[in-house]
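Subject: The structure for you to look at

Hi,

Here is the structure I promised to pass on. Have a look at it first, and then read my notes below.

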Amino acid sequence: MTMQSTLRQETTEALIAALPRPGGAAWLGAARDAALERLRRMGLPQRRDEYWRFTDPGRLVSPAVPAVPLREDDEKPAFAAVEPLRIVFVDGRFDAAASDPLAPEGVEIGHLGRLEPAEGHWAASLFGVLEAEGQKPVPRPFAALNTAFAAEGALIRVRGEASRPIHLVYRRTGDGAEVLLHHVVRVEGGASVTLLESGVGAARLNTVLEVDVAEGSRFHHVRLQGRDPARIAVTHLFARVAGQGEFRSFTLGFNGALSRNEAFVTLTGDEAVAHVAGAAVGDGDFHHDDTVFVTHRGRGCESRQVFKKVLRHGAVGVFQGKILVERTAQKTDGYQISQGLLLDERSQFLAKPELEIYADDVKCSHGSTAGAIDETALFYLRSRGVPAEEARDLLTLAFLHEALDEIPDERLAGELSEKLEGWLRRHR
Amino acid sequence: MLEIRNLHVELEEGGKPILKGLDLTVEAGRVHAIMGPNGSGKSTLSYVLAGREGYVVTQGSARLDGEDILAMEPEERAAAGLFLAFQYPVEIPGVGNMTFLRTALNAQRKARGEEEISSGDFLRLVREKARALNIDAEMLKRPINVGFSGGEKKRNEILQMAVLEPRMCILDETDSGLDVDAMRLVADGVNALRDAGRAFLVITHYQRLLDHIVPDVVHIMADGRIVRSGGPDLALEVETNGYAGILGAGAAA
Ligand SMILES: Nc1ncnc2c1ncn2[C@@H]1O[C@H](COP(=O)(O)OP(=O)(O)OP(=O)(O)O)[C@@H](O)[C@H]1O
Ligand SMILES: [Mg+2]
């Protein structure tokens with residue numbers, strides 16, 4: 001055994017030993033055992049792994065979680081304008097008293113931590129299954145870790161048009177904890193739902209969201225990733241989209257010492273749509289990594305990846321994005337753009353855009369840029385009387401706009417745009 | 001209103017001198033035109049007055065109502081009443097025309113200690129001015145100059161001028177790229193703003209514009225200096241004889 005693989009094994013075992021193993025239904029236990037085995041086989045990532053070459057996994061693998069001081073939350077509660085049904089997790093535990101009591105019409109909500117030991121839950125065919133499928137061709141060990149150890153999470157089945165969005169709210173009351181949450185969503189044929197996520201949740205947060213989008217159904221996802229400067233997070237989104245299904249996910253990232261957001265989306269049926277987008281703004285101690293892998297299997301599918309990051313005072317933005325077009329996926333329309341706006345010379349945007357195409361009749365394009373504010377545009381605005389800082393904010397928001405445009409709901413887009421404006425004003 | 005004395009300007013990068021001792025005084029209520037060969041420094045003069053980076057003033061001064069504008073930030077110059085209609089208006093994707101105009105107007109008002117305009121009043125103001133310039137409301141909803149034709153961009157410059165009501169207006173080749181009707185609209189826009197408290201500096205290559213915006217004084221600029229000044233007839237002379245004839249005559253005089 002080489003030295004590196006020994007080290008990998010030791011690191012993995014150390015973290016495993018530090019995490020409590022949850023109990024539960026037999027099918028859950030089996031899924032968790034399988035995930036643990038997967039995790040042991042691949043081991044946790046190391047600095048030199050190709051998939052981690054822009055992001056040091058050190059702070060994610062250490063058994064000890066650095067404390068993140070609790071601060072007074074002066075933010076307005078997110079997403080109130082769309083009157084979502086709130087499911088609240090406090091320090092990683094579902095808090096029924098803080099949550100809204102009734103599921104919206106057409107929606108059935110269960111909890112991973114409160115399952116009857118009975119067999120035959122609908123989620124059994126998805127829990128850890130989409131995650132396991134997402135381990136090829138590139139391992140995603142933190143997702144397997146999550147499946148093995150997450151004790152809580154929402155299990156959401158949507159059978160019709162959900163009358164309200166569902167909002168997963170993450171709160172924390174302590175400084176130091178690690179929290180793992182694992183959610184499963186199944187949107188039945190022709191149904192639709194909007195899922196929202198917000199809050200810091202923990203000093204170190206590991207979430208997995210597995211989404212099964214059945215034929216002709218629609219899943220929209222908008223996530224606001226908390227703003228405590230020292231927090232760290234690793235998240236995975238696994239989605240399977242059947243024929244004429246629509247999957248859209250948008251994440252807004254504020255501050256945060258380290259965020260690694262992975263999305264693994266497979267368009268299995270024909271004429272399905274998947275958009276994965278994000279905007280992130282960071283000042284100083286900020287490392288923000290979006291790693292996206294979209295597979296086209298069905299015919300005539302459309303996918304878009306749109307990521308924009310504003311970076312200053314040495315902040316680092318990372319984008320690794322891939323479009324894989326399988327032989328069966330003729331008439332694919334794939335698009336990918338990632339851009340970093342560097343507000344000073346110390347900040348960095350690192351991108352690895354990739355296309356891998358096995359079908360011959362496809363339309364795929366990708367682009368990636370990193371650059372500063374356009375001085376000509378800045379002068380034009382100032383020459384009309386707009387003060388330099390305000391002009392810079394206008395141009396920065398304009399830069400973020402292409403990503404924000406990916407949010408289907410205008411009220412949500414408006415709210416996030418305001419949050420960005422506020423952030424820019426505070427960070428002038 | 002605008003007093004430029006012995007202005008020397010060179011490029012920051014490379015140090016090439018462009019303006020070489022330029023003198024120009026524009027009085028309130030007057031329209032001055034500047035004509036001159038390509039590369040003589042007309043746009044450079046307008047950029048230096050508006051405060052664009054990349055130029056170094058090595059000598060001389062420029063004052064607006066006695067105030068040294070060269071020491072001001074571009075936005076301060078705008079608030080002080082200076083306006084430049086760009087030879088090449090800039091496209092800015094993602095920033096809406098209306099947002100931009102309103103932000104600019106309110107920023108100028110704030111800088112002058114005036115109250116912000118209400119959204120209702122602002123809408124009415126822009127609609128009225130846009131109608132006069134034959135700019136349709138759809139265009140205003142688009143990002144700044146994005147997808148505008150050359151002529152639409154120039155009309156948009158004049159719309160901004162009409163809304164912001166600056167006192168010292170510099171128009172850098174606003175006529176180039178305009179069809180005959182658009183030229184008349186632009187000229188009407190300018191003429192509507194002419195009054196005793198406002199002055200214009202109109203840079204152009206063509207006599208045609210000056211048929212519509214009749215100038216009080218015409219200057220010929222060459223190699224970074226004003227080399228001749230005269231009445232509206234001077235523009236006709238340029239049209240007939242070209243710069244070669246005029247500059248030759250000027251040198252001989
Ligand atoms: N940023 C720059 N870099 C290099 N050269 C420049 C720059 N700006 C101006 N110049 C040079 O300065 C000179 C004057 O340019 P300017 O644009 O002021 O001329 P102009 O009189 O406006 O010409 P035109 O009639 O063609 O618009 C030209 O020789 C031009 O090439
Ligand atoms: Mg010019």
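Chain B has 253 residues and a radius of gyration of 18 Å, which agrees with the value near 18 Å for a compact globule of that length. That radius is taken over C-alpha atoms, and the globule rule is 2.2 Å times the number of residues to the power 0.38. Before you read on, please note that this is a predicted model, in which local features need pLDDT of at least 70 and side-chain atom pairs count only at pLDDT 80 or more, while totals for chains, interfaces and linings use all residues. Residues are numbered from 1 along each chain as its sequence is written, chains are lettered from A and ligands numbered from 1 in the order in which they are written, and side-chain values use heavy atoms, with hydrogens and water left out.

Let me stay with chain B for a moment. Its C-alpha atoms fill a box of roughly 60 × 40 × 35 Å along the principal axes. The secondary structure comes to 9 helices and 12 strands; these are DSSP runs numbered from the N terminus, with helices being H or I of at least four residues and strands E of at least two. Of the 253 residues, 51% count as buried. Buried means under 20% relative accessible area, exposed means over 50%, and partly exposed is in between (1.4 Å probe, protein chains only). One buried residue is B:Cys169, with a relative accessible area of 0%.

Now for chain A. With 428 residues, a compact globule would have a radius of gyration near 22 Å, and the 21 Å of chain A agrees with that. Its C-alpha trace spans about 70 × 50 × 50 Å along the principal axes, and the chain holds 8 helices and 19 strands. Buried residues make up 60% of chain A. Among contacts (heavy atoms within 4.5 Å) with a separation of 6 or more, residues 24 or more positions apart account for 85% in chain A; the figure for chain B is 69%. Chain A exposes about 16,600 Å², with 49% supplied by carbon and sulfur atoms.

What does A:Leu85 touch, beyond its neighbours within four places in sequence? Its contacts include A:Asp100, A:Leu102, A:Ile109 and A:His167. A:Leu85 lies in strand E1 and is buried, at 1% relative accessible area.

The loop between helix H3 (58-61) and strand E1 (85-90) contains A:Val65. A:Val65 and A:Ala177 are 112 residues apart in sequence, yet their C-alpha atoms are 6.8 Å apart in space. A:Glu83 is in the loop between H3 and E1 too, and its phi is near 45 degrees, a positive value in a residue other than glycine. At 58% relative accessibility, A:Glu83 counts as exposed.

Most residues other than glycine have a negative phi, and most peptide bonds are trans. A:Lys331 is another residue with a positive phi, of about 60 degrees. A:Lys331 sits in the loop between strands E16 (316-325) and E17 (333-342) and is partly exposed, at 48%. There is also a cis peptide bond, with omega about 0 degrees, joining A:Lys136 and A:Pro137. A:Pro137 lies in the loop between helices H4 (129-133) and H5 (141-149).

A:Cys301 is buried, with a relative accessible area of 1%.

Happy exploring!

Note on methods:
Accessible areas come from the Shrake-Rupley method with a 1.4 Å probe; for residues, only the protein chains shown count as cover.
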